[in-house]
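Please keep the sequence and the coordinates at hand while reading.

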4 protein chains.
Amino acid sequence: MAGEIKIVESGVDHPEEACGIFGIMSPDQDVARLTYYGLYALQHRGQEGAGIAVSDGERIGVKKGMGLVSEVFPTPDCLPKQKASLALGHVRYSTSRSSSFANIQPLLFRYRHGCLAVAHNGNLLNGDELRQRLEADGSIFQTETDSELIAHLIARYGHDNLIASLKAALPYIHGAFCFAFMTDDILIGLRDPLGIRPLSIGRLGKGYILASETCAFDTVGAEFVRDLAPGEMVVIDKNGLHAEQVLPSVRTALCIFEFIYFTRPDSNFHKENVHLVRKALGRQLAKEHPVDADIVTGVPDSSLAAASGYAEEIGIPYEMALIKNRYIGRTFIKPIQDDREFRVGLKLNPVRKIIAGKKVVIVDDSIVRGTTSLRLVNMLRQAGAKEVHMRISSPPVIAPCFYGINTPSTDELIAAQKNVQEIKEMIGADSLAFLSRQGMLDCFNLPPEGFCLACFSGEYPI
Amino acid sequence: MAGEIKIVESGVDHPEEACGIFGIMSPDQDVARLTYYGLYALQHRGQEGAGIAVSDGERIGVKKGMGLVSEVFPTPDCLPKQKASLALGHVRYSTSRSSSFANIQPLLFRYRHGCLAVAHNGNLLNGDELRQRLEADGSIFQTETDSELIAHLIARYGHDNLIASLKAALPYIHGAFCFAFMTDDILIGLRDPLGIRPLSIGRLGKGYILASETCAFDTVGAEFVRDLAPGEMVVIDKNGLHAEQVLPSVRTALCIFEFIYFTRPDSNFHKENVHLVRKALGRQLAKEHPVDADIVTGVPDSSLAAASGYAEEIGIPYEMALIKNRYIGRTFIKPIQDDREFRVGLKLNPVRKIIAGKKVVIVDDSIVRGTTSLRLVNMLRQAGAKEVHMRISSPPVIAPCFYGINTPSTDELIAAQKNVQEIKEMIGADSLAFLSRQGMLDCFNLPPEGFCLACFSGEYPI
Amino acid sequence: MAGEIKIVESGVDHPEEACGIFGIMSPDQDVARLTYYGLYALQHRGQEGAGIAVSDGERIGVKKGMGLVSEVFPTPDCLPKQKASLALGHVRYSTSRSSSFANIQPLLFRYRHGCLAVAHNGNLLNGDELRQRLEADGSIFQTETDSELIAHLIARYGHDNLIASLKAALPYIHGAFCFAFMTDDILIGLRDPLGIRPLSIGRLGKGYILASETCAFDTVGAEFVRDLAPGEMVVIDKNGLHAEQVLPSVRTALCIFEFIYFTRPDSNFHKENVHLVRKALGRQLAKEHPVDADIVTGVPDSSLAAASGYAEEIGIPYEMALIKNRYIGRTFIKPIQDDREFRVGLKLNPVRKIIAGKKVVIVDDSIVRGTTSLRLVNMLRQAGAKEVHMRISSPPVIAPCFYGINTPSTDELIAAQKNVQEIKEMIGADSLAFLSRQGMLDCFNLPPEGFCLACFSGEYPI
Amino acid sequence: MAGEIKIVESGVDHPEEACGIFGIMSPDQDVARLTYYGLYALQHRGQEGAGIAVSDGERIGVKKGMGLVSEVFPTPDCLPKQKASLALGHVRYSTSRSSSFANIQPLLFRYRHGCLAVAHNGNLLNGDELRQRLEADGSIFQTETDSELIAHLIARYGHDNLIASLKAALPYIHGAFCFAFMTDDILIGLRDPLGIRPLSIGRLGKGYILASETCAFDTVGAEFVRDLAPGEMVVIDKNGLHAEQVLPSVRTALCIFEFIYFTRPDSNFHKENVHLVRKALGRQLAKEHPVDADIVTGVPDSSLAAASGYAEEIGIPYEMALIKNRYIGRTFIKPIQDDREFRVGLKLNPVRKIIAGKKVVIVDDSIVRGTTSLRLVNMLRQAGAKEVHMRISSPPVIAPCFYGINTPSTDELIAAQKNVQEIKEMIGADSLAFLSRQGMLDCFNLPPEGFCLACFSGEYPI
């Protein structure tokens with residue numbers, strides 16, 4: 001009943017995106033509902049907004065809104081009602097710069113060949129340049145998304161039909177991207193030539209699913225088929241799935257941070273399970289940087305696996321010494337300056353009974369600005385830790401990501417400014433050690449050259 | 001907190017629009033708040049959605065939502081906070097075909113020359129053709145509004161700057177329109193060459209205001225300056241107001257229905273007060289079609305003025321025999337089939353004590369489908385009226401409007417299908433009479449050729 | 001989904017109430033839905049909150065909330081679903097002192113004889129005393145309503161069954177009241193011994209309805225049967241309606257302000273139609289206090305009838321010179337100090353074209369504090385009125401109401417502090433006149449001694 | 001803006017309650033805000049509703065609503081604004097029987113000695129009897145809460161002042177309870193004579209806090225002082241804290257389930273840390289019931305500590321083989337019959353890569369109905385587990401709880417109906433073992449006779 005107020009601001013550049021995509025074609029299933037469940041499974045990839053577009057073969061409708069899937073679609077009954085065999089859903093990551101209803105995806109466009117819904121995960125490197133070029137040619141923009149850019153390219157530089165138009169548009173875009181497109185009757189998935197962002201294919205009965213992570217297949221009872229190859233396009237229609245290599249791929253450069261931090265531990269990428277990788281990273285970290293301590297603890301939730309691996313390897317107890325409040329959510333993000341001290345305590349609480357008088361190893365997945373590490377060390381000391389040894393299950397982050405993960409600039413990356421000893425002193429730990437790059441790569445069955453390691457090396461694959 | 005769910009559907013054509021615009025440039029005032037009050041005054045022109053864009057000289061922000069102004073902006077505190085000297089607001093009329101968040105205005109575009117907010121009142125006649133042509137040239141559409149069309153034209157066919165681009169775009173559009181544009185630092189108003197829809201200029205201190213009706217000036221304490229001339233463009237910036245005749249105007253064709261029905265009685269158009277015109281129409285109607293009766297009553301609220309004029313002229317008492325429930329609003333629009341009988345009774349209640357045993361003249365402003373007239377006559381009879389004489393303060397509507405007022409097709413226009421005697425029988429009145437065209441025109445000080453009378457004559461000015 | 005925040009404050013005394021009641025027993029009808037429509041018709045009697053209780057014969061459920069009926073029950077589908085033959089609804093008047101969810105009625109109590117829903121319109125004079133006495137006896141209070149008081153009395157001082165308990169409780173209460181009670185299987189209406197507040201009986205098929213105003217009967221298609229007599233109790237159960245004089249009534253003292261201001265013009269009390277009474281008051285006012293003027297106008301909506309009566313009697317045109325914005329509602333009540341000037345202009349707009357250069361008679365129904373009159377006169381002068389003559393269709397209000405209408409104390413009643421000449425000067429009118437008490441009474445077919453005139457005389461019937 | 005609809009139903013008995021209380025007296029702090037943060041920390045104890053009452057020394061105001069703390073108070077700015085030195089907050093557990101706004105606490109009463117806010121955690125055994133007795137004496141009830149019962153007792157059977165009245169009321173109540181009371185100027189805490197439910201005292205600067213769990217002290221930066229003794233009342237006013245043994249306590253019977261399941265792992269009760277106890281239970285379980293397996297996993301979140309203890313003791317890897325979706329919340333509780341299969345998959349996802357081909361030990365904290373265990377075993381088998389060994393870190397639950405934890409009746413308690421072998425077969429595990437009662441008790445430093453073990457033994461302390 002009440003009108004929702006949305007703010008759209010102009011002048012925003014470089015929107016970072018790290019989102020979740022779920023698309024399905026299945027004539028025999030309630031595709032809207034399956035997409036709703038699929039988005040639930042991908043919710044950790046984006047909490048700012050969610051949307052679901054469905055096609056009944058003739059028309060496309062889309063429902064979307066700000067907030068969690070459970071807020072946008074308070075019940076499955078809120079989903080589009082029409083009988084549909086195609087659906088495309090998206091969850092969007094919250095960035096401070098472009099929090100706006102207009103950017104919530106899938107975006108729905110009308111162009112010469114009909115209607116087109118677009119969902120995107122990643123970041124185009126030449127987005128600004130493309131935007132300027134399209135503007136010079138008379139294009140108008142209503143959002144700050146790469147989805148709108150690709151739609152313009154398809155509409156302008158393409159011909160005949162969508163597939164041909166898409167192929168004609170592809171040479172213009174550079175960067176890290178997974179796109180999903182939906183028309184009245186087809187679903188298309190596309191992965192960039194380096195395969196930086198993940199996109200996988202699943203099967204459910206006679207239908208096919210595209211999803212950013214395999215955990216979404218598990219949730220809807222679908223079977224994992226394979227990952228899209230870098231540079232591959234798959235077209236799913238009522239006749240099945242057709243794959244084509246539409247962009248030449250000279251190498252793979254899978255984002256290693258998807259394993260280290262971003263992905264749900266029950267997802268697999270390129271046949272590697274994320275939890276097992278994280279635990280192996282913890283074990284390797286213990287081998288490289290053991291310490292004489294009483295307990296090992298991890299920062300919930302992303303570092304628990306590495307911490308338990310570290311504890312097992314080193315043979316001292318793994319304890320849950322930092323408890324996360326499960327009810328601190330998206331709604332609490334708004335910063336209130338003088339409440340900052342409470343907010344930390346609200347989110348994480350150290351367990352004094354476990355910590356007091358102990359030599360504690362605290363395992364975290366990465367150090368970005370260093371401010372969190374400083375707070376963690378302080379928190380443990382105030383809870384009575386005799387010693388605090390910080391162990392990081394990845395190498396130092398020395399370069400920003402331009403491929404869809406929201407990282408600060410080099411100025412703010414602590415490891416780009418200080419060496420390990422200096423960081424240790426800044427955060428006040430008794431010792432600090434990072435996993436070596438080689439040690440990290442040894443934890444995978446994948447070839448080392450298959451990863452994008454730009455954030456650790458500053459060597460960008462594009 | 002909760003995500004609002006919006007539906008955008010593709011495949012929608014011909015959106016009718018009859019909306020309200022309020023734009024202001026005033027460096028010394030709280031322009032967002034004044035726009036909020038201005039939209040309150042124009043609320044009767046559109047209840048589906050509302051929006052306000054403001055510019056602080058560098059950036060444009062917009063807040064909008066579905067519902068009444070009071071729902072979209074529950075308090076003035078909900079308005080954009082930044083210090084601004086330019087604002088543009090819009091209220092949108094509810095049409096069943098395109099009820100969607102995406103269509104709520106002002107729309108905000110980014111194009112080669114920066115940001116552009118657009119608000120529209122009217123209807124482009126060649127909208128479909130333009131859309132197809134633009135699509136063929138590679139344009140994409142996210143809404144069904146004419147505002148998006150004009151933005152495309154400005155971005156594509158224009159050059160140098162906004163003013164030049166707008167002038168280049170104008171030859172492509174045909175129809176009834178008032179547009180308001182806002183950039184970072186200027187506000188532009190534009191009226192179609194026939195002046196079908198109204199747009200007036202007001203002054204507040206050193207600032208200027210554009211509004212669809214003069215009642216908005218009264219509400220914010222501004223002074224009426226003049227109406228825009230047909231085909232005129234006014235550009236308001238920090239140096240003041242600059243007017244230019246950008247489209248040649250061979251004649252004026254002001255929509256006479258704005259006087260008869262749509263406008264607030266305290267607004268003036270072309271120096272005519274709407275209430276006084278309506279009362280004069282009632283007096284003229286009494287001269288043309290007197291009747292021997294006991295009381296005169298009007299259909300609230302739009303026909304009360306005509307009814308009191310009729311009563312005065314004929315010398316019998318004017319009574320409020322039909323009481324309108326002031327609390328039946330937009331939220332009650334959704335039709336529930338089996339509740340239809342209650343809904344009529346909920347909205348209007350006949351006062352038996354006034355009506356019973358009386359010969360009643362009921363004055364209404366127009367007859368469109370005839371169904372409302374039938375219900376009114378029945379209602380009065382059930383309340384005990386001895387005779388029911390219906391008098392209409394305008395001529396029979398025999399042709400649909402293509403210029404921004406939502407009327408049914410010729411098939412459904414009762415006066416296009418039946419003569420007065422047949423309509424009288426259909427609605428069950430004891431007598432029925434319409435005001436003559438000449439009689440209607442005599443009630444104005446304006447020249448008769450200055451109106452669009454297409455709905456009464458079928459002769460369209462474009 | 002979101003939790004509504006409610007505030008309950010202790011320490012509140014003397015809540016004034018002027019509310020609407022709708023109760024129905026009808027085994028064959030959808031009583032919840034009829035109650036919903038009935039409350040719509042009574043919405044003008046209270047906009048703070050609404051509630052509907054239904055009984056299926058075994059259990060009572062209640063739904064209620066803050067706001068208009070349309071907000072509390074956005075659609076009829078929001079109503080209780082269970083098959084019920086009994087329902088009781090209430091709309092509550094907004095007073096600044098006790099705006100709280102807890103006070104929204106009907107209140108639902110569990111006591112020795114089962115469940116009891118209570119709705120009230122009026123004000124108990126000995127509420128504080130009763131509350132203290134009950135507190136001294138160990139009662140606890142969760143609301144500030146008289147409904148909770150009567151429930152305590154019934155539970156405490158009563159015996160055997162509800163009817164007997166109610167009769168035992170009645171001697172303890174004094175004041176102006178209409179109560180409706182609902183148990184699992186009966187509906188009870190009760191009117192105070194002076195009949196100060198209205199309550200009427202209607203019939204719908206085999207069922208019966210109790211409502212505060214007859215317009216609610218019209219809305220649901222029911223037939224008016226009769227008003228409850230002062231001191232009468234009616235019990236409605238599956239066997240029909242049983243009436244009993246439970247409180248001795250020596251005289252009637254119907255609140256004359258219900259006619260002058262509060263009631264909907266299409267309602268009747270004691271066989272008098274409110275609109276016709278108001279028009280007669282205007283005619284009488286013209287007879288007593290004619291004036292040489294050009295136009296007559298009324299303050300919308302309550303004074304329009306009196307103004308048209310005045311105009312007819314005196315033979316000059318009745319014009320709608322003050323236009324009310326229909327979209328200024330409950331949500332705009334919150335005062336923002338520096339917006340006060342706009343708020344007046346937002347709500348009422350004077351029509352300069354009608355007023356300028358004219359001698360204007362402005363008719364209002366009453367003067368309480370005088371501040372509104374001052375603003376009205378100023379508004380007309382600023383719109384160019386040559387003279388402003390204020391005429392009031394009731395005598396001066398010199399004493400506060402203790403019987404359920406929210407009036408200020410004697411200090412703030414302008415007519416208790418100043419004579420007519422002084423008031424005229426304060427409000428800046430060219431002339432001011434009030435209707436005489438005798439003149440007012442002559443406009444009714446009811447005997448003069450049948451009214452409560454306390455606000456005009458200071459002589460209170462209790 | 002919109003009215004929230006609430007349903008109150010009569011005829012509800014035995015409301016189970018397992019809630020969280022946070023009360024504070026501190027003249028120097030923003031007590032409303034601290035209470036808000038304290039309730040965040042206690043959110044796991046109740047998600048149905050939340051409320052905060054504050055006193056400024058003269059008046060008490062309360063804000064409350066359905067939903068999470070973050071929903072009822074979307075920002076700290078939503079809290080009561082007045083300067084206050086006393087606050088009392090409550091989070092309420094969701095039970096299907098009495099989901100209603102009316103039951104959200106703190107309840108605010110007015111009685112002979114002024115205003116009284118009451119919050120309760122626990123369950124009165126003689127609630128029905130008291131209710132009947134009070135009803136027979138003429139009391140009325142508006143909620144189904146024990147808080148309303150105690151308020152009646154205080155108001156009725158008490159005298160002089162609140163403390164005296166409370167003492168007079170106490171002999172009438174039996175059961176498991178912690179009450180907190182707040183008047184204009186004092187805060188009172190009370191724990192039942194057996195100390196079944198927890199309540200602790202904290203200190204913040206010069207102020208005092210009462211909270212259900214110590215994690216709330218950590219969150220607001222307060223210091224733990226001590227637990228209330230069974231039967232103890234503490235009165236906190238501006239002079240400090242005054243303790244008194246108001247109910248004789250012959251023994252302690254602390255609910256052991258608070259340790260096993262309900263409490264946050266970072267809370268301490270009677271100086272025992274919950275996480276450490278749980279880990280010790282897991283170690284003891286491994287000693288009693290070792291198994292030859294490949295991995296140990298726990299059911300998130302409550303059994304992770306026990307699982308890691310089991311894994312460490314037995315020397316095989318602890319893995320997170322079941323991943324919980326962090327975004328499945330309260331809003332998803334509503335059961336949709338045909339979606340049940342998805343809901344399980346939505347909430348927990350087994351990690352096939354970890355499980356497939358392995359002998360898995362799954363540790364859970366308890367078995368109630370057995371249905372969850374059945375699903376867990378199935379889930380592991382479908383994920384490829386070669387063997388599934390279920391280990392329960394508490395003894396079989398054979399008797400329902402009447403002291404405030406929501407358990408099913410004996411009929412539905414699987415361990416009351418079947419022996420271990422039968423349960424093993426029902427749930428389809430390869431082996432099943434429960435921790436022994438003695439083993440469980442050995443994990444505590446507290447004396448064994450200090451616990452309520454009724455759910456394991458059927459021997460109730462009251």
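Two strands are taken to pair if DSSP finds at least two bridges between them. The model shown here is predicted. In chain A, strand β8(A) and strand β9 (residues 187-191) are joined by 5 bridges and run antiparallel. One of the residue pairs can be named: F181(A) has I188(A) of β9(A) as its bridge partner.

The open sheet has 6 strands with antiparallel pairing, in the order β6-β7-β8-β9-β13-β14 of chain A. At its edges are β6 (107-111) and β14 (240-245) of chain A, each of which pairs on one side only. On average, and with direction ignored, neighbouring strands of this sheet are turned by 20 degrees against each other.

Chain A also has an open sheet with parallel pairing, made of 4 strands in the order β18-β21-β22-β23. Here the edge strands, each pairing on one side only, are β18 (295-298) and β23 (431-434) of chain A. From one strand to the next, the twist averages 20 degrees. Within this sheet, 6 bridges connect strand β21 (residues 359-364) of chain A with strand β22 (residues 387-392) of chain A, and the two run parallel. D364(A) has its bridge partner in β22(A), namely I392(A). Across β21 and β22 of chain A lies helix α12 (residues 371-382) of chain A, which runs at about 150 degrees to β22(A).

Next come the domains. For chain A, the domain assignment gives domain 1 as 20-250 and domain 2 as 277-326 + 337-450. The centres of the two domains of chain A, taken over C-alpha atoms, are separated by 35 Å. Where they touch, 9 residues of domain 1 of chain A are in contact with 4 residues of domain 2 of chain A. On the domain 1 side of this contact, β7 (114-124) and β8 (175-182) of chain A each supply at least two residues. The largest share of that side, 3 residues, comes from β7(A). By class, the domain 1 side has 3 nonpolar, 5 polar and 1 charged residues.

Helix packing can be followed in chain D. Two packed helices are described by the angle between their axes and the distance between the axes. Helix α4 (residues 146-157) of chain D and helix α5 (residues 162-169) of chain D have axes that come within 8 Å and cross at roughly 110 degrees. The two helices are therefore roughly perpendicular. From α4(D), the contact involves I150(D), L153(D), I154(D) and Y157(D), and from α5(D), S165(D), L166(D), A168(D) and A169(D). This contact has 7 nonpolar, 1 polar and no charged residues.

What angle do the axes of helix α8 (residues 274-288) and helix α9 (residues 304-314) of chain D make where they cross? They cross at roughly 45 degrees, and the axes come within 7 Å. α8(D) is therefore oblique to α9(D). The crossing of these helices is right-handed. Residues making the contact include H275(D), R278(D), L281(D) and L285(D) of α8(D), and A306(D), Y310(D), E313(D) and I314(D) of α9(D). By class, the contact of α8(D) with α9(D) has 9 nonpolar, 4 polar and 6 charged residues.

Definitions and conventions:
Residues are numbered from 1 along each chain as its sequence is written. Chains are lettered from A and ligands numbered from 1 in the order in which they are written. This is a predicted model: local features need pLDDT of at least 70, side-chain atom pairs count only at pLDDT 80 or more; totals for chains, interfaces and linings use all residues. Axes are lines fitted to C-alpha atoms, for helices over the stretch in contact, and angles run from 0 to 180 degrees between N-to-C directions. Angles under 35 degrees count as roughly parallel, over 145 as roughly antiparallel, 65 to 115 as roughly perpendicular and the rest as oblique. A crossing is left-handed if the near helix is turned anticlockwise from the far one by less than a right angle, and right-handed if clockwise. Two residues are in contact if their C-beta atoms, placed from the backbone, lie within 7 Å. Ala, Val, Leu, Ile, Met, Phe, Trp, Tyr, Cys and Pro count as nonpolar, Asp, Glu, Lys and Arg as charged, and the others, Gly among them, as polar. Domain bounds come from an automatic or database domain assignment.
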